Amino acid sequence: MSERIILDDAAIQRTITRIAHEILEYNKGTEDLVLLGIKTRGAFLAHRIQEKINSIEQQLVPTGTIDITHFRDDIDKVTQQSNAHPFDISVDINDKVVVIIDDVLYTGRTVRASLDAILLHSRPIKIGLATLVDRGHRELPIRADFVGKNIPTARDESVSVYLDEIDDRNAVVIE
């Protein structure tokens, strides 16, 4: 299986910087801003964006993770009825501007599940979406507010995001 590198380490770092600036413009600063990264790679990207915002604004934006496992529409409904709190963050996200962060936006089903999880447990002022890669092929009417790179793909292609924190390399590739 051959791979084509779409973003290398330097390109990912530039993209994180741009997304951090765009989030700050969107929110007009850091007030009431919260970042929620979708497990697994979205959580690492959220922390990278948090660090970048901190270096720009000298403000540490509350950042956490969201686990959408029990909110997916492709698992048994009985399992979905879990009362487990789907996000792990040290602040209350009610009345906050929440930005969901994911690595790849594809069909939109992961984002829909994260919206369900957030709205079941809280009422933010506004919810935005940031993604490193938008590969198209949406099945739901969902679009990202902040996109690192739009990559037109065929359905039979695979987009993989590799991050140092778990993969020992930084790259976005099409396989």
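**View 1. Arg 135, a buried residue without a salt bridge.** In this predicted model, Arg 135 is buried (under 20% relative accessible area, where exposed means over 50% and partly exposed lies in between, with a 1.4 Å probe and protein chains only). Arg 135 sits in the loop between β6 (126-134) and β7 (146-150), where helices (H or I, at least four residues) and strands (E, at least two) are DSSP runs numbered from the N terminus. Its side chain makes a polar contact with the side chain of Thr 153, at 3.0 Å; such a contact is a pair of N or O atoms within 3.5 Å, and within protein one must be able to donate a hydrogen and the other to accept it, while residues adjacent in sequence count only if both atoms are side-chain atoms.

Residues are numbered from 1 along each chain as its sequence is written. Local features need pLDDT of at least 70 and side-chain atom pairs count only at pLDDT 80 or more, whereas totals for chains, interfaces and linings use all residues, and side-chain values use heavy atoms, with hydrogens and water left out.

View 2. Six strands form an open sheet with mixed pairing, in the order β4-β3-β2-β5-β6-β7; two strands pair if DSSP finds at least two bridges between them. Strands β4 (87-88) and β7 stand at the edges, each with a single partner strand, so one side of each is left without a neighbour in the sheet. Strand β2 (residues 33-38) runs parallel to β5 (residues 97-105) and is joined to it by five bridges, and Val 34 has Val 98 as its bridge partner in β5. Helix α1 (residues 9-27) lies across β2, β5, β6 and β7, at about 150° to β7, while α4 lies across β2, β3 (63-66), β4, β5 and β6, at about 155° to β5. Lying across rests on contact, meaning heavy atoms within 4.5 Å, and the axes are lines fitted to C-alpha atoms, for helices over the stretch in contact, with angles running from 0 to 180 degrees between N-to-C directions.

**View 3. Salt bridges between side chains.** The count comes to nine salt bridges, among them that of Arg 169 with Glu 3 (2.8 Å, N to O). This pair links distant parts of the chain, 166 residues apart, with Arg 169 in the loop between α5 and β9 and Glu 3 in the segment before β1 (4-7). Lys 96 forms a salt bridge with Asp 32, the closest N and O atoms being 3.5 Å apart. Lys 96 lies in the loop between β4 and β5 and Asp 32 in the loop between α1 and β2, so this pair ties together parts that are 64 residues apart in sequence.

**View 4. Backbone details in the loops.** A cis peptide bond, with omega about 5°, joins Lys 39 and Thr 40, and Thr 40 is found in the loop between β2 and α2 (41-57). His 137 has a positive phi of about 65° although it is not a glycine.

How values were computed. Lys, Arg positive; Asp, Glu negative; His and termini not counted. Salt bridge = Lys/Arg side-chain N within 4 Å of Asp/Glu carboxyl O.
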